[in-house]
Amino acid sequence: MRRRDAASDWIAEALALKLTETGKATLVQQLYCSLKEWIQHGELTAGDALPSSRYLALSLGISRNTVLAALDRLLAEGLLIARQGAGLYVADLPTLLTRDERPPPLPVRYSKRGMTLLALSGTLSYGHRAFAPGVPALDLFPREQWQRLLRRHYHHAKVSWLDYQTSGGLPELKAALCDYLRLSRSVRCQPEQIVITQGAQQAFELITQLLTDPGDSVWMEEPGYGGAQACFLASGLTVTPIPVDQEGLNPSLTSKNAPAPRLIYVTPSHQYPSGVTMPVPRRLALLEHATHTGSWIIEDDYDSEFRYDTPPTPSLQGLSEQSSVIYVGTFSKVLYPGLRLGYLVLPDTLAEDFRCAHARLHREGNYPVQSALAEFIANGHFTRHINRMRAAYRQRQACLRAALAPAVAAGLRLSGGHAGMHLVAELDTIEVEESLVKHANDVGITLSPLSRYYLAENKRPGLVLGYAGSTENELLTAGAWLSEAWQRLRH
């Protein structure tokens with residue numbers, strides 16, 4: 001459909017709302033003033049086509065001469081131009097007139113949850129630049145293969161997929177995902193326990209909506225993942241930061257006066273952002289504590305596929321006999337963030353209710369994409385892609401370490417990097433952290449300050465350096481800049 005045809009209906013309908021037979025102004029004046037106001041204030045912009053006079057007259061139920069009189073006046077004032085055989089168009093004016101008397105804008109009053117969410121949104125990074133954490137190797141994703149799959153699955157999409165869906169995700173994807181998780185992560189599950197979501201963030205929100213009330217307590221790793229922090233705080237939960245040591249979240253470091261948690265959020269395979277792995281004894285102790293307090297554990301297994309020199313650790317969910325763990329996964333890190341697909345593996349007691357609530361709140365869909373992903377997994381493409389990315393990320397981390405070697409030799413401390421997609425550089429003061437972040441932004445480098453991942457006042461300064469989403473040349477260049485900048489500040 002041409003643009004002028006598509007616009008004709010809404011222009012005619014909008015004019016119909018403006019015109020009135022009982023007004024003091026004539027129909028010509030009303031029609032003229034309405035169109036002039038839209039042109040002046042940008043509702044109609046340069047090059048926009050107007051409906052024909054016959055179409056407007058018929059749609060508005062008025063004389064064509066009335067329409068022509070209004071349009072001729074706009075033509076005479078230069079607001080419209082006529083193109084031979086093509087009709088009338090809005091003129092390309094050098095400057096648009098502005099409205100002299102605008103009503104004052106309504107005062108904005110955000111809710112307490114809204115204010116909390118906006119405050120936490122400052123940690124978002126915009127644009128794909130060196131060291132942006134959590135970004136996979138988009139340049140290495142098999143786009144052509146994936147696009148062929150998408151085209152075929154869209155072409156053969158079932159008519160029923162156009163309707164609302166209430167299955168908790170495409171059954172074929174849940175079956176393929178179930179096989180993968182049982183083999184690679186020792187997750188205990190059946191397809192019926194899986195609910196496909198639009199990313200891990202939606203999974204967190206669904207958990208808080210169904211299992212918590214405002215004011216309930218949630219234990220959060222300190223430092224911890226900003227997306228989970230934002231979800232819990234915006235849901236009105238009382239977040240208790242639990243310090244992370246070399247074995248992950250440590251329940252023994254909790255204040256004796258802290259309320260029993262309704263939820264316990266952990267990233268045991270690769271704690272975000274510190275990078276430590278929770279050993280099995282600590283996991284068993286955490287499971288025992290959750291059983292004692294009647295808490296649900298949220299296991300965020302966001303990038304466990306990427307381990308380099310240590311054997312994989314079974315999931316926390318696979319160790320649980322009491323079904324107290326809700327396992328959350330995402331395809332954002334292993335494939336690409338724009339896919340917007342994640343999943344929940346739920347205990348049997350929760351699965352059906354979560355499926356119903358998800359369909360009610362979020363109107364699940366996009367089954368052709370889920371169908372393409374199911375084939376991508378079932379045919380082995382998913383596993384092969386993970387293996388390629390594991391090798392690429394190992395090499396990219398080595399490049400980053402090589403670029404930072406002069407700073408490391410001068411005392412900069414880096415995390416072990418045994419797994420994941422980022423390293424943590426420890427700094428001496430918050431002032432050094434702030435200075436590096438500011439100067440890096442000036443030269444187009446993303447530095448994510450470690451202090452932002454803390455909720456309590458006792459913050460540790462540092463930098464979270466993502467390396468997976470940058471090429472080796474980018475890492476060498478940005479790493480050399482960071483090494484030099486840190487040494488300058490230190491001296």
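Modeller: This is a predicted model. The part to look at is helix H9, whose buried residues pack against helix H5 (112-120), helix H8 (200-211), strand S4 (217-222), strand S5 (238-245), strand S7 (263-266) and strand S8 (296-300). H9 itself covers residues 226-234 and is mostly covered, with seven of its nine residues buried. Those buried residues are Gly227, Ala228, Gln229, Ala230, Cys231, Phe232 and Ala234. Just after the helix comes Gly236, which takes a positive phi of about 80°.

Two of the packing partners lead on to other places. Thr267 has a relative accessible area of 1%, so it counts as buried, the cut-off being under 20%. Apart from its neighbours within four places in sequence, Thr267 is in contact with Glu221, Tyr272, Asp300 and Tyr302.

The loop between strand S2 (87-90) and H5 holds Val108. Val108 has a relative accessible area of 60%, so it is exposed. Together with Tyr110, Met115 and Leu118, Val108 forms a nonpolar patch on the surface, and the four have about 430 Å² of accessible area together.

Helix H16 (residues 430-442) has 13 residues, which at 1.5 Å a residue should span 18 Å; its end C-alpha atoms are 19 Å apart, which agrees. The buried residues of H16 are Glu433, Ser435, Leu436, Val437 and Ala440. They pack against strand S13 (448-449), strand S14 (462-466) and helix H17 (472-490). H16 is followed by Gly444, whose phi is positive, near 80°.

Charged pairs complete the picture. The whole structure has 15 salt bridges. One of them joins Arg413 and Glu426, with the closest N and O atoms 3.0 Å apart. Arg413 lies in strand S11 (residues 413-414) and Glu426 in strand S12 (residues 422-426), so the pair ties together parts that are 13 residues apart in sequence. Salt bridges that share partners also bring in Asp428 and Arg460, joining them with Arg413 and Glu426 into one network. Arg413 is partly exposed, at 37% relative accessible area, and Glu426 is partly exposed at 30%.

Another salt bridge is formed by the side chains of Arg355 and Glu352 (2.2 Å, N to O). These two are three residues apart in helix H12 (residues 348-362), so about one helical turn separates them.

Conventions
Residues are numbered from 1 along each chain as its sequence is written. This is a predicted model: local features need pLDDT of at least 70, side-chain atom pairs count only at pLDDT 80 or more; totals for chains, interfaces and linings use all residues. Side-chain values use heavy atoms; hydrogens and water are left out. Buried means under 20% relative accessible area, exposed over 50%, partly exposed in between (1.4 Å probe, protein chains only). Helices (H or I, at least four residues) and strands (E, at least two) are DSSP runs, numbered from the N terminus. Contact means heavy atoms within 4.5 Å. Patches are made of residues with over 30% relative accessible area and no salt bridge: like charges are joined within 9 Å, nonpolar side chains (Val, Leu, Ile, Met, Phe, Trp, Tyr) within 5 Å. Accessible areas come from the Shrake-Rupley method with a 1.4 Å probe; for residues, only the protein chains shown count as cover. The expected span of a helix is 1.5 Å times one less than its number of residues.
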